[in-house]
Amino acid sequence: MLAVLEVAYRYQWVDFYASELRQLNRHEDLNSTKKKILVFGDSFSAQQGSYVAQLKYAPLNNHCVINSSVAGISAREINLFAQSRIDEFKPDKIVIQLYTGNDLVDISHPYNWDSISVVRNLYWKTSDLCWSLAWLNYKLATLRQVFDTEQSFKYPRVTDTFSVNGYAGRVKMLLRADRQFIEKSVLLKDEKYHTAFNRMVDYVQSISNYFYSTNPNGKVVVLVIPHCTEVKEEYRSNYDMLGAVFTQPCGTVYPFYTLLQQRIKGPTIVDCSVPLHKAQSMGIQTYYYSDEHLTHDGQKVVYKTILSHLQ
């Protein structure tokens with residue numbers, strides 16, 4: 001059964017993310033005859049009040065925005081269903097959102113048999129090979145939230161303060177596995193992370209090439225959202241308390257961005273680290289203190305940054 005599920009998932013025999021598409025978009029948008037902007041991303045694009053939700057009400061020359069994002073996925077999963085979404089909606093422009101925080105470890109997990117449970121390491125190893133396991137885990141987590149009578153799943157708030165005990169368990173688990181995974185993801189000096197980066201680039205290039213084959217005059221924007229520790233020293237200090245290790249100062253220009261510019265041919269690369277850092281220096285809280293995601297103000301910065309590239 002697992003083998004059949006894996007083949008079905010790899011080839012997307014059915015739409016494994018149909019419910020997310022319906023949840024994030026109005027029926028009239030999905031069936032609109034307007035030109036379309038199709039967005040692929042993870043939780044940063046799928047969260048309530050995201051830059052994508054703001055784009056839906058932006059002056060975009062009579063374009064309709066379709067949000068095809070799914071929380072918890074990376075470019076690997078997007079590559080599986082991107083072609084069918086492009087065929088379905090025939091967009092004029094597409095956005096592929098990346099996140100420096102965990103996109104690479106989602107492609108190749110940082111196993112550590114000394115500090116992480118055997119079960120977790122086995123799951124990571126198996127899910128790196130059998131991708132449908134990650135989808136099953138994601139669906140089970142969604143069900144747990146639906147039937148969560150004790151409301152243990154809480155959305156972060158701007159007023160929340162930093163707490164080691166209250167921070168996301170998955171982040172702390174990844175840090176136990178590799179205390180430098182955040183920095184290694186942008187430095188790309190470690191062979192494991194460099195290999196994962198190369199695979200991510202291949203996925204993005206594959207999506208872009210397919211889109212251009214269907215629409216040679218179309219536009220692809222690759223939107224890169226940085227980890228909070230790249231934006232402000234205070235966030236980095238919080239991660240120090242979580243056990244993270246950094247060797248480079250905050251604000252460093254990382255190989256992740258320079259190599260992305262060099263390697264991906266065709267799309268426009270939009271780096272949000274500079275505008276987010278600028279907003280933070282002006283006293284705007286762009287990330288939550290209790291969570292790695294963007295606040296509403298942070299999402300607004302991303303919205304303003306990408307808007308000009310889509311008009």
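Me: What makes strand 1 and strand 3 a pair, and in which sense do they run?
Reply: Strands count as paired if DSSP finds at least two bridges between them. Strand 1 and strand 3 have four bridges, in the parallel sense, so they meet that rule. Among the facing residues, Phe40 stands opposite Ile96, and Val39 stands opposite Val95. By the way, this is a predicted model, where local features need pLDDT of at least 70, side-chain atom pairs count only at pLDDT 80 or more, and totals for chains, interfaces and linings use all residues. Residues are numbered from 1 along each chain as its sequence is written, and side-chain values use heavy atoms, with hydrogens and water left out.

Me: How do you know where a strand or helix starts, and what is its number?
Reply: They're DSSP runs numbered from the N terminus: helices are H or I with at least four residues, strands are E with at least two.

Me: Why is strand 3 called largely enclosed?
Reply: Buried means under 20% relative accessible area, while exposed is over 50% and partly exposed is in between (1.4 Å probe, protein chains only). Seven of the seven residues of strand 3 are buried, so the rest of the structure largely encloses this strand. Lys93, Val95, Gln97 and Tyr99 point one way, and Ile94, Ile96 and Leu98 the other.

Me: What about strand 1, and how many of its residues are buried?
Reply: Five of its six residues are buried, so strand 1 is largely enclosed too.

Me: Why are helix 6 and helix 12 called roughly parallel?
Reply: Axes are lines fitted to C-alpha atoms, for helices over the stretch in contact, and angles run from 0 to 180 degrees between N-to-C directions. Under 35 degrees is roughly parallel, over 145 roughly antiparallel, 65 to 115 roughly perpendicular, and the rest oblique. These two axes cross at roughly 5° and come within 9 Å, so the helices are roughly parallel.

Me: What kinds of residues make the contact of helix 6 with helix 12?
Reply: There are 10 nonpolar, four polar and three charged. Nonpolar covers Ala, Val, Leu, Ile, Met, Phe, Trp, Tyr, Cys and Pro; charged covers Asp, Glu, Lys and Arg; the others, Gly among them, are polar. Contact means heavy atoms within 4.5 Å. The residues include Ala75 and Ile78 in helix 6, and Tyr203 and Phe211 in helix 12.

Me: How do you know that Ser127 is buried?
Reply: Its relative accessible area is 1%, which is under the 20% cut-off, so Ser127 counts as buried. Ser127 is found in helix 8. Leaving aside neighbours within four places in sequence, Ser127 is in contact with Arg76, His109, Leu133 and Ala134.

Me: Which residues of helix 10 are buried, and what covers them?
Reply: Val171, Met173, Leu174, Leu175 and Ala177 are the buried ones. Their cover includes helix 7, helix 8, helix 11 and helix 13.
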